[in-house]
Each structure stands twice: as C-alpha cells, then as structure tokens.
Amino acid sequence: MASLNSAALDQLDSSVAKPSYDRGQVTPGIVHFGVGGFHRAHQAMYLDDLMNRGEALDWGIVGVGVMPGDRRMQAALSAQDHLYTLVIKHPEGEYQARIIGSIIDYRYAPDDIEGTLELLADPKIRIVSLTVTEGGYNFHHVTGEFDLGNSDVEHDLASPKTPRTTFGIVVEALARRRERGVEPFTVMSCDNIQGNGEVAHKMFVAYARARDVELGDWIDANVHFPNSMVDRITPVTTEADIEEIGSRFGVEDRWPVVCEPFTQWVLEDHFNAGRPAYDQVGVQLVEDVMPYELMKLRLLNASHQALTYFGYLAGYRYAHEVCQDPLFVDFLLDYMNREGTPTLRPVPGVDLDDYKHTLIARFANPEIKDTLARLCAESSDRIPKWLLPVIREQLAQGGEIHRSAAVVASWARYAEGADEQGEPITVVDRLKDELMAIAKRNRDEPTAFIENRQLFGDLADDERFRSAYLDALDRLYRDGARACVEHLVAN
C-alpha cells in the first residue's frame with residue numbers, strides 16, 4: 001500500500017484518477033477558511049477539474065485553520081503534500097476514486113499569525129472563501145446582529161494586529177491591502193445560510209466598523225461578497241472509510257473524503273479581482289442565487305431536519321434507513337410539497353417535482369451511510385435558519401405548518417438526551433447544556449422549549465404554531481415517534 005504524497009502518485013493503481021497537471025506550476029490565488037470534508041468534496045474538486053483542463057493554475061488554494069481542531073487537518077494534509085483522496089460512492093456499490101491536488105498549502109494561523117496576515121495581504125490572493133459552518137458567523141439568531149460580546153472578538157478589537165478570529169484576520173488583511181494600495185479580495189461564503197454572502201458582508205463590516213468606522217465603510221463599499229448555493233452530501237470520514245479506501249485502491253490516506261455522486265454549485269458572478277472559469281466545469285453563474293438557495297435550504301436542509309430526530313427516536317441510525325421506509329418518505333414529500341414548496345420563489349431551469357424525488361433518492365443512498373447523529377448536531381444553528389423561516393412564512397400566508405411544528409417537537413424530544421428505549425443520546429450543540437435543561441421540563445412544562453426566545457423569537461405566542469407543536473409533542477410522548485409520523489401522514 002502506498003502512503004499518499006507527490007512521490008507516490010505514479011505508484012497508485014490505474015483505477016485511481018490523478019492530477020494531470022504539474023502541481024509545481026500551481027501558485028496561490030485563493031485562501032480558504034474551514035478546510036473540512038465538504039470543501040474538499042466540492043469547491044476544491046471544481047478547481048481541480050479546471051486544473052486538469054490546463055487552466056486556473058494561478059488559483060491554487062491555501063487552507064487556513066483558526067480552531068484548535070484544525071491542527072489535525074494541517075498535520076494530515078502536510079504529511080501528504082496536501083493531496084487527498086476523494087471517493088464518490090454510487091448507490092449501486094461502485095466506488096470512484098481520484099486524487100485532488102488543488103490545495104497546495106495549509107496554515108494553522110495561531111502558529112504564525114503574521115505570516116498568515118501577509119499571505120492574505122499578498123496581491124496574488126484574489127478570493128478568500130469560507131466554510132466555517134452555520135455557527136461561524138457570530139450573529140444572534142433572533143436579532144441577526146453581530147455579537148460584539150464574543151470574547152475572541154473582544155480580543156481582536158483590542159489587539160487587531162494579532163487576531164484570533166476569521167473576522168479579525170480577514171479585516172486586518174484588508175486593512176493592510178488598503179494601506180498598500182492593493183485591490184481587495186472577494187470574500188466568498190460557501191456555507192448553508194440563506195443569503196450567505198449578504199450575511200458575511202454584514203458580519204465582516206460590523207466587525208470592521210467596531211474596529212474603525214472608516215475601514216468598515218471602505219470594506220462595505222469596495223469588497224464583494226457573492227451569494228452562493230452549494231450542495232453535496234459529504235458524511236464524516238470514518239476509520240472504516242480509511243480502511244476500505246486502502247483495501248480497494250491501495251492508498252494509505254490519513255484523511256480521505258467520501259461523498260455522493262450529486263453535486264451542485266450556484267454562484268453569483270460578483271468578484272473584485274477575477275475568478276477561476278468555474279462555468280467551464282459545471283458551476284451555474286447567476287445574477288441572483290436566492291431562488292436556488294431557498295430551494296436547497298427549505299427542501300434539502302429542512303428535510304434533513306424533518307427526518308433526523310423522528311428517525312433517530314424511531315430506532316434508525318442512518319439517513320438511508322429512514323428514506324428506505326415508505327412511511328417516512330411520504331412524510332418528507334408531504335412536508336416538501338405542502339409546507340416547504342409554497343414558500344419558494346420560481347427557480348429558473350429547475351423541475352421542482354423532479355428535484356424533490358431526487359432528494360429522496362440521494363438520502364436513500366446506502367453507500368453514503370450518513371449518520372443521523374451528524375444531521376442532529378448543532379440544531380440550534382440549523383433549525384432557526386432552515387425550518388423556522390418556513391413556519392413563519394406559512395403562518396403569515398395561512399398555509400400548513402403542522403409537519404414543521406412536529407419537527408420542532410421532535411427536536412425538543414431528542415434534546416431530552418434519551419431515546420424511546422431509554423438509551424442515552426449524545427446531544428452535540430453549542431447550546432447543549434441549556435437546551436437539555438429546558439427539554440427535561442417538556443413533560444411538566446410542554447411549551448418551555450419553544451419559549452426560548454433566543455432561538456424561537458415570538459413563535460410561542462402564535463396560537464396555531466403553539467397548538468400544532470403541543471399536539472405533536474404529546475403524541476411523541478404518548479404514542480412514540482413512528483405513530484406520530486403515521487398521524488401526520490394520515491392528516
């Protein structure tokens with residue numbers, strides 16, 4: 001078995017596709033914050049596609065990590081000359097492997113903050129991209145305002161030359177470019193947030209203005225923040241994946257990536273200093289990404305939330321198990337057709353009925369083995385962005401909401417921390433302690449969970465939502481998750 005690095009590429013099995021370009025000729029053009037599985041299965045792959053066509057060699061990616069957990073990624077990629085294996089898992093059992101070479105360096109910012117800042121200040125860097133998760137934008141979920149009380153943000157405002165946060169690093173780099181007369185880079189968010197570019201714009205400008213009003217105004221007027229919609233199911237890489245890739249392909253890779261065949265990227269064509277020719281490798285470049293984004297957030301992402309808590313409580317542990325159960329498929333399609341779809345705008349070039357059935361097929365792919373535990377994680381960042389807007393719009397227009405309200409109830413039941421057999425649930429959420437403490441009061445104070453105004457605002461005051469939520473929560477405790485879903489499908 002060959003340990004993956006540049007010298008070993010020629011030794012790899014012929015079934016593994018390898019970069020056809022000379023990586024020694026690739027120079028940096030993009031700095032990416034948040035190099036995880038999704039970025040490597042998506043944006044880095046599209047760029048690798050371009051490089052394999054002999055193009056975009058001046059757009060190499062330099063990853064930057066700021067969180068303690070990012071050290072592990074730095075170590076894995078550095079040991080492999082920043083190469084990694086991407087494996088596409090087809091539902092019929094075929095595995096398709098390729099080596100991605102578009103990432104050419106990785107910096108752990110706390111080890112060399114000055115070097116990181118100078119990298120970003122270099123005129124060669126024309127795009128700074130982000131996959132920092134839904135919770136990485138540091139805004140209040142009800143007010144939508146930037147949290148200036150975050151301790152790391154407070155540090156950065158007090159010591160702007162030695163920042164800890166992505167906000168502090170990016171804004172300090174932009175300040176240096178401004179001082180030196182260097183054109184600003186584009187900030188390109190690739191996270192699952194409605195209006196992700198607009199959110200990034202608002203948050204970075206808010207931080208910059210708190211540091212220096214004039215600098216904030218300059219960023220507001222001169223830096224582009226295109227919106228984007230990104231889509232590819234990319235489960236967490238497991239030890240079993242690493243072993244299987246080794247046995248199938250003879251590649252010893254410290255941190256490969258596995259994903260589904262489907263991929264989509266819709267991107268607004270608003271850039272400060274140019275961009276790679278993404279449109280040549282399947283990226284949809286549009287003037288307004290919002291219709292596509294709402295489609296994905298309210299059909300795919302919200303449907304993940306609809307299946308995950310009910311599915312887990314009913315005894316399933318993987319998304320494909322839930323979506324091979326006709327009852328749950330009916331429930332998901334009912335949610336999408338009767339609650340999610342009525343909140344969408346027209347989506348140019350997309351057959352929504354086909355899209356929804358494709359989603360079910362994607363969720364049901366048995367090779368992906370996407371865990372419900374992964375989909376249940378960080379609910380306090382996800383449900384307020386993906387599902388609550390559906391509820392609010394449906395309430396405003398008199399539409400159906402009892403399935404969406406039931407999903408909220410299933411989250412409240414899951415957050416108790418024990419399944420229907422009494423087995424413990426490991427709740428993963430930045431608000432874990434607070435949420436679990438509230439959820440343990442569900443049976444005696446059934447509205448306690450939705451009265452958390454930090455997450456739900458005034459929704460608990462709406463009698464129609466309150467009634468639908470209480471009915472679902474009561475059925476979950478009285479009859480169980482499966483029976484609750486049966487009732488929802490029948491009604």
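## Terms and model

Helices (H or I, at least four residues) and strands (E, at least two) are DSSP runs, numbered from the N terminus. This is a predicted model, in which local features need pLDDT of at least 70 and side-chain atom pairs count only at pLDDT 80 or more, while totals for chains, interfaces and linings use all residues. Residues are numbered from 1 along each chain as its sequence is written, and side-chain values use heavy atoms, with hydrogens and water left out.

## Annotated regions

UniProt, in an unreviewed entry, places "domain: Mannitol dehydrogenase N-terminal" at residues 29-278. That span is 38% helix and 20% strand, and its end C-alpha atoms lie 14 Å apart. The UniProt annotation "domain: Mannitol dehydrogenase C-terminal", also from an unreviewed entry, covers residues 288-476. Residues 288-476 are 61% helix and 0% strand, with end C-alpha atoms 41 Å apart. UniProt positions are given in the numbering used here, feature names are shortened, and annotations may be inferred rather than shown by experiment.

## Two domains

The domain assignment gives domain 1 (2-287) and domain 2 (290-490). Such bounds come from an automatic or database assignment. The domain centres, taken over C-alpha atoms, are 29 Å apart.

## The interface

In domain 1, 33 residues contact 30 residues of domain 2; contact means heavy atoms within 4.5 Å. About 2600 Å² is buried between the two domains, and carbon and sulfur atoms give 58% of this area. H141, Q194 and I233 supply 26% of the area that domain 1 buries against domain 2, more than any other three residues. Buried area is the accessible area (1.4 Å probe) that two parts lose on being put together, summed over both.

The rule finds 10 residue pairs in polar contact across the interface, both residues at pLDDT 80 or more. A polar contact is a pair of N or O atoms within 3.5 Å; within protein, one must be able to donate a hydrogen and the other to accept it, and residues adjacent in sequence count only if both atoms are side-chain atoms. On the side of domain 1 that touches domain 2, strand 9 (228-231), strand 12 (264-268) and strand 13 (284-286) each supply at least two residues. Strand 9 gives the largest share, four residues.

## Salt bridges

A salt bridge is a side-chain nitrogen of Lys or Arg within 4 Å of a carboxyl oxygen of Asp or Glu. The count comes to 40 by this rule. D49 and R98 form one (2.8 Å, N to O). D49 lies in helix 2 (residues 43-52) and R98 in strand 5 (residues 95-100), so the pair ties together parts 49 residues apart in sequence.

Three salt bridges are found across the interface of domain 1 and domain 2. The side chains of E260 and R362 also meet in a salt bridge (2.4 Å, N to O).
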